[in-house]
Amino acid sequence: MNIVVLVKQVPDSGAERTLRADDNTVDRAAADNVINEMDEYAIEEALQLQEAGGGEVTILTMGPERAAESIRKALSMGPDGAVHVTDEALAGSCALATSRVLAAALRELNPDLVLCGAESTDGRVQVMPHMLAERLGMAALTGARKLTVDGDTLTVERQTDEGYEVVTAATPAVVSVWDTINEPRYPSFKGIMAAKKKPVRTVSLADLGIPAEEVGAAGATSAVLEHRRRPARSAGVTVADSGDGGVRLVEYLATEKFV
Amino acid sequence: MAEVLVVVEANAAGVKKVTLELLTHARELGTPAAVVMGAPGAAAALTDKLAEYGAAKIYAAEHEDIDNHLVAPKVSVLAHLVARVQPAAVLVGATQEGKEIAGRLAVRLDNGLLTDAVAVAADGAATQVAFAGATIVTARVTRGLPLVALRPNSISPTPAPADAEVTPVAVELTDADRLARVSERVVEQKGSRPELTEASVVVSGGRGVGNAENFTMVEELADLLGGAVGASRAAVDSGFYPHQFQVGQTGKTVSPQLYVALGISGAIQHRAGMQTSKTIVAVNKDGEAPIFELADFGVVGDIFKVVPQAAEEIRKRK
Ligand SMILES: Cc1cc2nc3c(=O)[nH]c(=O)nc-3n(C[C@H](O)[C@H](O)[C@H](O)COP(=O)(O)OP(=O)(O)OC[C@H]3O[C@@H](n4cnc5c(N)ncnc54)[C@H](O)[C@@H]3O)c2cc1C
Ligand SMILES: Cc1cc2nc3c(=O)[nH]c(=O)nc-3n(C[C@H](O)[C@H](O)[C@H](O)COP(=O)(O)OP(=O)(O)OC[C@H]3O[C@@H](n4cnc5c(N)ncnc54)[C@H](O)[C@@H]3O)c2cc1C
């Protein structure tokens with residue numbers, strides 16, 4: 001089975017993140033950039049399927065030149081190669097445009113299975129798997145906490161608010177994963193060295209046959225009018241417990257009408 | 001006034017609170033029209049509640065295959081409705097299903113979408129929160145109609161009784177709508193507590209709770225306050241509490257009136273899921289814990305002393 005794993009480079013969610021004042025896009029220059037955390041679980045899942053059933057694992061990233069670092073990091077976990085869609089014109093792409101570009105790249109790669117994270121930590125839009133499935137005429141099985149492959153049948157177990165559900169589809173399909181699905185491996189020294197030699201194909205919009213003015217900021221289907229920082233929450237009252245902490249807590253809750 | 005399509009979410013207990021919020025928002029934009037999509041009979045059970053909250057119309061799309069498959073059939077129904085009704089806007093909840101419907105519908109209609117909005121103005125401009133609630137964005141769909149996913153708990157739903165004329169909608173599905181089949185749905189016991197993302201009070205426990213048994217202390221306080229129970233990732237990863245109750249970056253985003261953090265340090269990824277809560281209260285034995293930076297009221301102390309005492313005090317006052 002040939003698998004493509006979608007990997008997005010995002011600003012580290014453990015640090016301050018901001019939008020730029022000039023064009024309202026994520027300030028990726030200021031941020032520490034990392035692989036979107038959930039995508040590491042998608043890579044791990046792909047590698048486990050490859051270990052069990054063979055086939056190739058290819059990373060697909062759409063992002064600026066700098067995203068190449070994340071691609072190498074992803075490859076050091078074990079995948080065979082990568083495709084990096086990069087083009088100046090892609091900056092500021094909305095989700096709709098992103099899905100159009102990724103779908104075009106996926107059509108060429110023609111995988112049996114597309115694995116991706118359930119959501120990115122920056123946009124958190126949580127729409128990419130379904131957008132891609134819609135464009136490619138495939139099934140989307142989203143939010144997997146467990147994936148089993150039996151021939152060309154995929155079975156996914158996914159959490160719901162009420163419990164969980166089991167969903168099945170035939171390949172080709174898009175499957176998005178939560179961080180409950182596995183424990184991603186750390187790249188070994190050998191893996192890091194090997195990653196340097198793995199093929200990474202750089203693809204432009206022209207290569208995909210997509211007009212530049214239909215994506216990026218120019219072709220965006222939504223626009224940010226303005227943005228501002230939420231005023232920082234100011235710390236309130238903190239008391240040290242000297243035997244009556246619980247009572248004082250309830251007194252506070254009572255003044256706020258919670259009890 | 002043009003109709004505003006509201007995608008209804010419901011479970012065994014009836015219409016979900018997020019849908020009532022959407023109806024409340026929708027009134028500002030036009031005439032609320034609720035769209036119920038489910039198995040035969042789905043709409044009848046929900047009509048009264050939807051009417052109470054202002055649905056002037058209810059579109060009832062009922063078909064076995066809607067319930068048995070992931071969102072694609074619902075998207076087909078909505079795409080037809082949008083073409084027929086030419087609504088002023090389409091509103092969904094910023095829930096997993098709501099976002100997935102919006103994503104597919106956006107592709108189907110070649111229409112922009114906005115997610116994680118907390119408000120929509122009469123002209124369709126939406127207020128979104130980004131980066132763990134630290135940044136507030138005003139945005140607008142520039143291609144097509146406003147297709148907006150609104151966060152649960154972004155408004156208090158208010159009743160505004162309306163006629164709720166029920167209009168059946170023919171459901172025409174294609175093979176492509178039936179690719180992802182739900183073969184089993186398992187409801188796990190969760191008792192009478194409110195839904196985490198909808199609760200007006202959330203009491204969460206962290207690594208400081210120590211083990212799974214001790215979580216009964218967190219549950220007890222939640223029950224006394226009529227709230228839901230949440231957990232930090234460290235508590236979930238340690239097996240103290242199930243994953244569906246995780247609050248934060250990779251868990252649920254909650255925005256209750258009151259958030260109580262017990263034995264939680266307040267890491268940035270945890271704050272991502274709760275810092276837009278109206279009032280935040282924390283108990284932690286470490287006075288330097290970052291959670292106190294955002295707490296309206298904090299107690300530096302041992303949760304095993306403070307929480308049982310607080311529970312006792314609430315019982316006394318009842
Ligand atoms: C704060 C913020 C808010 C935004 N709000 C909106 C909005 O309301 N509407 C809108 O149209 N756009 C929005 N965007 C833009 C949107 O995030 C990007 O277009 C993005 O590339 C796609 O959305 P996502 O990453 O959130 O996707 P998700 O659907 O959350 O991502 C799921 C998975 O898709 C894969 N993936 C996503 N992007 C890429 C990529 N570039 N390369 C490879 N794999 C990828 C990853 O595996 C990821 O885990 C927003 C961006 C930010 C930073
Ligand atoms: C990409 C990414 C995503 C993440 N997503 C999430 C997420 O969704 N949700 C989330 O919560 N975290 C998330 N995290 C993890 C986050 O960084 C923290 O590790 C986590 O929130 C810590 O949980 P905690 O506060 O319970 O544990 P700790 O940080 O270990 O804090 C425990 C606290 O309990 C206190 N304590 C201990 N015993 C007692 C006692 N008897 N009485 C009172 N206080 C006591 C301690 O003083 C301490 O402050 C994510 C991390 C990453 C990298």
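**Conventions.** I worked from a predicted model, in which local features need pLDDT of at least 70 and side-chain atom pairs count only at pLDDT 80 or more, while totals for chains, interfaces and linings use all residues. Residues are numbered from 1 along each chain as its sequence is written, chains are lettered from A and ligands numbered from 1 in the order in which they are written, and side-chain values use heavy atoms, with hydrogens and water left out.

**Entry: extent of the interface.** I looked up the contact (heavy atoms within 4.5 Å) and found 85 residues from chain B and 83 residues from chain A. The buried area (the accessible area, 1.4 Å probe, that two parts lose on being put together, summed over both) is about 7400 Å², and carbon and sulfur atoms give 54% of this area.

Entry: I found 10 salt bridges across the interface (a side-chain nitrogen of Lys or Arg within 4 Å of a carboxyl oxygen of Asp or Glu), as counted between chain B and chain A. One that I looked up joins A:Asp179 to B:Arg233, with the closest N and O atoms 2.8 Å apart.

**Entry: elements of chain B.** Helices (H or I, at least four residues) and strands (E, at least two) are DSSP runs, numbered from the N terminus. Elements that each supply at least two residues of the side of chain B that touches chain A include α5 (96–109), β9 (135–141) and α9 (303–317). The largest share, 8 residues, comes from α5(B).

**Entry: strands across the interface.** Strands pair if DSSP finds at least two bridges between them. I found 7 bridges between strand β12 (residues 222–229) of chain A and β9(B), which run antiparallel. In β9(B), B:Val141 is the bridge partner of A:Ser222.

**Entry: A:Gln9.** I located A:Gln9 in strand β2 (residues 9–11) of chain A. Leaving aside neighbours within four places in sequence, I found A:Gln9 in contact with residues including A:Arg28, A:Asn33, A:Val34 and A:Glu69. The side chains of A:Gln9 and A:Ser70 are joined by a polar contact of 2.9 Å (a pair of N or O atoms within 3.5 Å; within protein, one must be able to donate a hydrogen and the other to accept it, and residues adjacent in sequence count only if both atoms are side-chain atoms). A polar atom of the side chain of A:Gln9 also lies 3.5 Å from the backbone nitrogen of A:Ala67.
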